[in-house]
Amino acid sequence: SRPNLGFVSVEILADVVEAAKKPSVAAIDGLALGGGLEVAMACHARISTSTAQLGLPELQLGIIPGFGGTQRLPRLVGLSKALEMMLMSKPVKGQEAHSLGLVDAMVSPNELVSTARRWALDILEFKKPWVVTLYKTDKIEPLGEAREILNFARAQARKQAPNLTHPQVCIDVIEEGIVAGPRRGLYKEAEAFEELVRSDTCKSLVHIFFAQRGTTKVPGVTDRGLKPRQVKKVAILGGGLMGSGIATALIFSNYSVILKEVNDEILQAGLGRVRANLQSRVKKGNMSPEKFEKTLALLKGVLDYESFRDVDMVIEAVIEDVALKQKIFADLEKYCPPHCILASNTTTIDLNLIGEKTKSHDRIVGAHFFSPAHVMPLLEIIRTEKTSPQVIVDLLDVGKKVGKTPIVVGNCMGFAVSRIFFTCIQAALLLAERGADPYEIDRAINKFGMAMGPFRQIDLVGFGVASATLKQFVLNYPERTYKSLLIPLMQDDKRAGEANRKGFYVYDDRRKASPDPEIKNYIEKARNMAGVSVDPTLAKLSDKDIIEMILFPVVNEACRVLAEGIAVKAADLDISTVMGMGFPPYRGGIMFWADTLGSKYIYSRLQEWANLYGAFFKPSDYLADRASKGALLSAPMEQTKSRL
């Protein structure tokens, strides 16, 4: 083996700590994740508190445990449980760790150190067993059975993460220890770790890890020493899919919520949705019946503004209608207390327009949740020129408390996420009208690692929303919007997407999507109306070409969002695309991925398509500038001096 390979895992942990003549006992409280647990497993015993969390989540970062975890965990908890903990990055609490045999005793925090000391002395006096974890075999299945478990895990990992190799590497390393002995396993682990740390997957996932933690740093806002004010009571206007989802997320995090609707029938339907959201948690065993009752009691339905006099924040979640929103905000100004935050869950409409008939511009803010709001992890916070920093700090705090990753963006039509994402839908429509197969497009995008392809996505959000958004784009960005007639034509034929089981796909009772041979008739009709012809090269695109033609326009729009200062930094757009668009985290988000391909390459491809298919593909000035310097798209302005 190479010099220094396995220096920590073999020479220090195995040959010094574990092989010592003096026993060591790990006292665990709080988090023992990754290296912390690996060191603890090399000790001769482990004592923990009930609230301690123990786990090996390294695979989330594109690597495997590197201090012997792949060898010791299976020997302490058995193969199946060890595979689950590593492959799913699933930690266990003290109680479960004890019943698994991962820890030897569980005690209260104030007895932890004294018990661990006593335990070490007991080992020395032969009152407690002296266990060298690496050579424990009682939990490992016989070879044939072990191989079956490992092969099953391989197949599962391949199914869940077809583009990732590191879960397979992890299984190989575990197998080496069982077949050739733990010492060989440690060396194979060290070799694999060295290789994985240098991989693109690891670099991408580490980038996402830090980018996610960096979204709450907003220059000029979070660096002023402002403390978040306490938000106790929140009112929500509109109990539709979005409003009920937001209400669910809030009461689940102990906020007191008022849900307002226009009449009792619609109100009861909204309250029913919240109840159903919580009931599904009870059904899955994630919530006790007592907690269900307690949580639901935090929600109250109303039909007027009377109870709005003491709310700290209002979130408007009605349909995307400017006049209606303007009237609501004018009413809110009359009824809510002067400190109350006035937030809108709009997807696309300019906030200055929404607040036009009010004087409260400093407390108007966008709180754009993603559907379903109680599940999706992203919260887009939109500020106008006039929104006070205090309001943003307050909303960042609420976002954190409801378990969302917040990203703060500037105000424009579509903000950051919808604006970037919609270009992907437009690119798909353009390709389909010019001869590409919509199902091939979805398949390629799916294979790339996106949660779903653009046509499946249109079906999910619904033709109504897609059509309304397209109108906003045509209105606001006429020079570069691809105006497709495909969706309106399908709407005329009573197609609405997944909601009525007929969109680009047809759906059965269990929401299973199947391609629909009729789609080509609509495409042909749209093509004739637009006066475009089939381009034979588009009818037989490779997966690589599909991915680039669908996603490079997304990169291009992300560049515009950065250049206009709508997004604070490129890493925020990476998080937006991963958490709001289903972009694969192991590719690092849209800008990080774009930089692996290079600004010059992306520029030249877009330019080529702009010449063939029009202004929709025209590279932005920002992209053109970076490409001319050979600079990274994600580098801040001052770091883009020519690299040629």
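How much space lies in the largest cavity? About 60 Å³. I will come back to that after some housekeeping.

This is a predicted model, in which local features need pLDDT of at least 70, side-chain atom pairs count only at pLDDT 80 or more, and totals for chains, interfaces and linings use all residues. Residues are numbered from 1 along each chain as its sequence is written, and side-chain values use heavy atoms, with hydrogens and water left out.

Now the cavities. On a 1 Å grid over the protein atoms alone, a cavity is a set of points where a 1.4 Å probe fits but cannot get out, and a lining residue has an atom within 4 Å of a point. Points are joined across faces, edges and corners, and the volume is the space filled by probe spheres set on them. There are two cavities of 30 Å³ or more.

The lining of the largest cavity includes Thr423, Gln426, Tyr477, Arg480, Glu557, Arg560 and Phe616. Helix 24 (543-563) and helix 17 (417-433) each supply at least two lining residues; helices here are DSSP runs of H or I, at least four residues, numbered from the N terminus. Helix 24 has the largest share, four residues. By class, that lining has four nonpolar, four polar and three charged residues. Ala, Val, Leu, Ile, Met, Phe, Trp, Tyr, Cys and Pro count as nonpolar, Asp, Glu, Lys and Arg as charged, and the others, Gly among them, as polar.

The second largest cavity has a volume of about 30 Å³. Its lining is Leu351, Asn352, Gly355, His361, Ile364 and Thr384, with two nonpolar, four polar and no charged residues.

Next, a pocket, meaning an open set with protein on both sides within 12 Å along at least five of seven lines. The second largest pocket holds about 260 Å³ of space. Of its 14 lining residues, Thr248, Asn277, Arg281, His374 and Val375 lie nearest its centre. Helix 12 gives the most to this lining, with four residues.

Last, the rings. The structure holds 17 aromatic pairs, a pair being rings of Phe, Tyr or Trp (its six-membered ring) with centres within 6.5 Å. Phe616, from the lining of the largest cavity, also belongs to an aromatic cluster with Phe448, Phe552, Phe583, Trp593, Tyr601, Trp609, Tyr613 and Phe617.

Lys128 has its charged end over the ring of Trp119, 4.5 Å from the centre. Lys291 lies over the face of Phe252, at 5.7 Å from the ring centre. The criterion is NZ of Lys or CZ of Arg within 6 Å of the ring centre and within 35 degrees of the ring normal.

Technical notes:
Phe/Tyr/Trp six-rings, centres within 6.5 Å; stacked < 30°, edge-to-face > 60°.
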